[in-house]
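Reader: I'd like to learn how to read charged pairs and helix faces in a model. Could you walk me through one?

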Amino acid sequence: MPLVAGIDSSTQSCKVVIRDSATGVLVRQGRASHPEGTEVHPDHWWTALQEAIAQAGGLDDVDAVSIGGQQHGMVCLDETGNVVRPALLWNDTRSAPDAERLIADAGAGNPAAGAAYWASLTGTVPVASLTATKLAWLARNEPEHAGRTAAVCLPHDWLSWRLAGHGPGSGPASLELLRTDRSDASGTGYYSSERGEYLPEVLEATLGHVPALPGVVGPLEAAGKTPSGALIGPGAGDNAAAGLGVNAAVGDVVVSIGTSGTVFAVSDLPAKDASGLVAGFADATGHFLPLACTLNATRIFDATASLLGVTLKELGELALTAPEGAEGLTLVPYFEGERTPNLPDATGSLHGLTVSNYTPANLARAAVEGVLCSLADGLAALQAQGVEASRVILVGGGAQSKAVQAVAATVFGVPVFVPEPGEYVADGAARQAAGVLTGSFPEWPLQGLEVSAPINNCSPDFLARYRLFAAKAAID
């Protein structure tokens with residue numbers, strides 16, 4: 001059967017998987033590292049991609065390829081196709097004042113009105129991670145570079161363009177061949193996923209002019225071909241690609257537990273959250289992908305395990321020896337501030353201490369419950385935007401903990417599915433490539449663990465207690 005390639009070009013590395021287009025069976029794979037930092041020249045991504053492709057045995061026998069990539073990164077090209085300056089990545093926060101200014105200007109000095117304007121226009125209230133705010137920073141701090149910018153694209157757009165044989169010195173005509181998809185375009189801050197169009201007025205207000213932008217192709221449309229003739233898929237932002245990788249459909253909520261936490265859903269409805277907690281992105285299938293983030297997830301487990309002198313595996317085992325609710329011990333895990341809710345200056349807190357409940361087992365249980373309750377608040381923020389949640393798909397490093405799995409089913413109140421560990425972004429890109437090749441997304445089997453929700457489907461007492469103390473943290 002034909003082979004397809006899926007690529008995950010993330011902040012840290014580039015991963016390539018080659019899969020059978022019909023069955024999804026992994027044939028071979030490769031990986032290469034990216035340099036650290038929040039400002040990276042795109043050439044490093046291209047070099048890493050070539051290394052990862054070589055490790056994976058090349059693409060000569062591949063019929064289609066697609067790229068899932070880190071979102072929001074600002075890649076500026078001049079009229080010849082050369083990179084104007086190193087790309088500012090999603091985690092570069094220097095444009096935070098520009099985000100605040102865009103909100104204030106839109107509301108004529110009223111931040112609430114400005115936030116409502118942006119939520120209605122783009123689905124997302126400006127923050128430092130968005131491409132639009134980075135363009136505003138560029139125009140304000142490096143006007144010469146802003147003036148030279150003839151085209152703006154995102155990391156996955158630029159890599160797809162390079163795979164198609166374009167690159168530095170290609171000339172103005174090649175800029176018109178840049179391509180992207182709805183999911184990545186929706187994270188720029190100058191695209192409306194609801195209307196399906198770019199917003200030139202935002203580009204005028206940020207960069208100062210309207211550059212060439214990647215054409216937005218449909219979920220199963222080819223974005224071009226490699227020099228050897230393989231179809232190039234539209235690609236996707238990393239979260240949307242991960243959604244494809246775990247076969248998420250409308251009604252599914254994907255909860256990712258890594259260093260930070262992410263909660264996103266496939267939805268029929270676009271999100272327009274003026275509070276800024278929910279980003280109104282699009283997905284890679286034609287639906288929408290409302291998303292909320294938390295700052296504190298597995299790092300809480302790491303810190304608690306270190307305090308107790310146990311491994312992470314032992315922490316989970318210890319937590320399972322304690323009763324549900326940790327005998328009244330409640331951890332609010334805002335160790336490094338928080339994003340959902342938006343409390344950047346908050347700190348963590350431990351409540352309900354007594355002589356009898358202050359035990360290692362209860363502390364381990366409180367850490368697990370605190371992180372899952374925090375993610376439940378992310379889910380609640382999505383549900384407030386009309387998101388349907390009939391199942392949670394639990395992914396990320398923290399998802400493999402038996403304690404996390406058990407608490408998740410209780411906290412979320414719906415069945416939880418834990419896929420086997422995998423390269424979800426690269427796999428999603430490979431699945432998209434197979435769809436471009438055949439005209440429909442393949443139904444590749446996905447192995448994993450099903451965890452049933454409690455029969456009574458009631459919120460646990462410890463979640464209510466957690467929310468009481470979290471609300472106190474917001475006041476303090």
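**Salt bridges and a helix face**

Author: Let's begin with a network: salt bridges link E39, R85, D92, R94 and E142. A salt bridge here is a side-chain nitrogen of Lys or Arg within 4 Å of a carboxyl oxygen of Asp or Glu. Before going on, note that this is a predicted model, where local features need pLDDT of at least 70, side-chain atom pairs count only at pLDDT 80 or more, and totals for chains, interfaces and linings use all residues. Residues are numbered from 1 along each chain as its sequence is written, and side-chain values use heavy atoms, with hydrogens and water left out.

Reader: How many salt bridges does the structure hold?

Author: The general idea is that side chains of opposite charge can pair when their charged atoms come close. This structure holds 20 salt bridges.

Reader: What does the salt bridge between R148 and D78 tie together?

Author: In that pair, the closest N and O atoms are 3.3 Å apart. R148 sits in helix α5 (residues 143–148) and D78 in the loop between β6 (75–77) and β7 (87–88), so the bridge ties together parts 70 residues apart in sequence. Helices (H or I, at least four residues) and strands (E, at least two) are DSSP runs, numbered from the N terminus. D78 is buried, at 11% relative accessible area, while R148 is partly exposed at 35%. Buried means under 20% relative accessible area, exposed over 50%, and partly exposed in between (1.4 Å probe, protein chains only).

Reader: And where do D252 and R391 lie?

Author: Their side chains meet in a salt bridge at 2.9 Å, N to O. D252 is in strand β16 (residues 252–257) and R391 in strand β22 (residues 391–395), so this pair ties together parts 139 residues apart in sequence.

Reader: Now helices. Which residues of α2 are buried?

Author: An α-helix has 3.6 residues a turn, so residues three or four places apart point the same way. In α2, the buried ones are D98, A99, L102 and I103. Down the helix axis they fall within an arc of 140°, so they line one face of α2; the arc is that of the directions from the helix axis to the C-beta atoms. The face turned away from that buried side carries the exposed E100 and D105.

Reader: What do the buried residues of α2 pack against?

Author: They pack against α3 (111–122), α4 (131–141) and α9 (200–206), contact meaning heavy atoms within 4.5 Å. D98 also meets R101 in a salt bridge of 4.0 Å, N to O.
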